[in-house]
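Colleague: Could you take me through this structure? I would like to begin with the strands and then move to the charged side chains.

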Amino acid sequence: MIDELENTTATQPISEAYQVTPFENKYQEQKVVHKTQKSSKKSRNKRTLTSTELMSMHFETLQFDKGWELFLPNATKRMNLGISGKPKNGKTAGACQFAAYLTKFGKVLYNFADQGIIKNTQDLWALAGLDTNPNAEASDFNTLEDLDAECASGEFQYIFIDLINSYIDRTKMKPHEFEDRYIKKYPNISFILMFEVTKQGRFKGDQKWMHIVDQIVEVKDFLMETRGRYGNGYHIVWGQEFKKLNPKKYAELVPANSNTTSAVLYL
């Protein structure tokens, strides 16, 4: 169980701050109140923005290409995604393909917390082109201590956790705890969280997990469909199998003269 984060703020009594005595006159007491109100207002304003300040802020965006602009049309440099899908539908294969593309913008850590490093992991890594990519690393740890260490290293800009359920099941971690401990603490890291689903294809666990990410990605029949703050989009993981399993949807998305029959091993 993760310890709840504690935020404590020490406040000093007015009498200590200003050394008011019973013999001081009414004017001095009023001045103390005035100072206290002014201090409170100043403290509050530290967490507010004027319209001018808000509109002058700059958020770096990523210029996706090579078909990935169809997946996330308006991606920002810092983004948090939640990916879910039934087994054997292309969830991990598609995530590995996305991880390979993101190495164009920063270093990627792909944490195979659920399946670990096995022959299938090795095959997926190679098929995504990550085997010769110096900007990507793989891991099989599944403890929060190890995850903390990698986040704190400052080495990675994108961290994939496949599956986040491996941590949830072990630690009973809540969505707000992950948000405080990782998303808020490490604003320079994008977290791509992979979620387990039920046999019926429904997200398994607390639905609030989908509220702490910017974008939701659902994988079915080797098609990744996404919606959220960066718009709606899609990515075809394996064209040949997608066409076989969902020919109607395939015809809607793929022009008749295109070639998307590249083979891919899947999970």
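**Strands and salt bridges**

Modeller: Leu109 has Glu137 as its bridge partner in S3. The model is predicted, so local features need pLDDT of at least 70 and side-chain atom pairs pLDDT 80 or more, while totals for chains, interfaces and linings use all residues. Residues are numbered from 1 along each chain as its sequence is written, and side-chain values use heavy atoms, with hydrogens and water left out.

Colleague: How does the chain cross from S2 to S3?

Modeller: The chain passes through helix H5 (residues 119–127), and this β-α-β crossover is right-handed. That term means that, with the strands pointing away from the viewer, the path from the first strand over the helix to the second runs clockwise. Helices (H or I, at least four residues) and strands (E, at least two) are DSSP runs, numbered from the N terminus.

Colleague: In which sense do S2 and S3 pair?

Modeller: They pair in the parallel sense, over four bridges. Two strands count as paired if DSSP finds at least two bridges between them. S2 is also joined to strand S4 (residues 158–162) by four bridges, again running parallel, and there Tyr110 stands opposite Phe160.

Colleague: What is the order of the strands in the open sheet?

Modeller: The eight strands have the order S3-S2-S4-S5-S1-S6-S7-S8, with mixed pairing. Strand S3 (136–139) and strand S8 (233–236) stand at the edges with a single partner strand each, so one side of each has no neighbour in the sheet.

Colleague: Are the side chains of strand S2 buried or exposed?

Modeller: In strand S2 (residues 108–111), Val108 and Tyr110 point one way, Leu109 and Asn111 point the other way, and all are buried. Buried means under 20% relative accessible area, exposed over 50%, and partly exposed in between (1.4 Å probe, protein chains only).

Colleague: Turning to charges, how many salt bridges are there?

Modeller: The count comes to 11 salt bridges, where a side-chain nitrogen of Lys or Arg lies within 4 Å of a carboxyl oxygen of Asp or Glu. One of them joins Glu155 and Lys107 (2.6 Å, N to O). Glu155 lies in the loop between helix H6 (144–152) and S4, and Lys107 in the loop between helix H4 (91–102) and S2, so the pair ties together parts 48 residues apart in sequence. Lys107 counts as buried at 15% relative accessibility, whereas Glu155 is partly exposed at 34%.

Colleague: Which other pair is there, with Asp148?

Modeller: Asp148 and Arg181 meet in a salt bridge (2.4 Å, N to O). Asp148 lies in helix H6 and Arg181 in helix H8 (residues 175–183).
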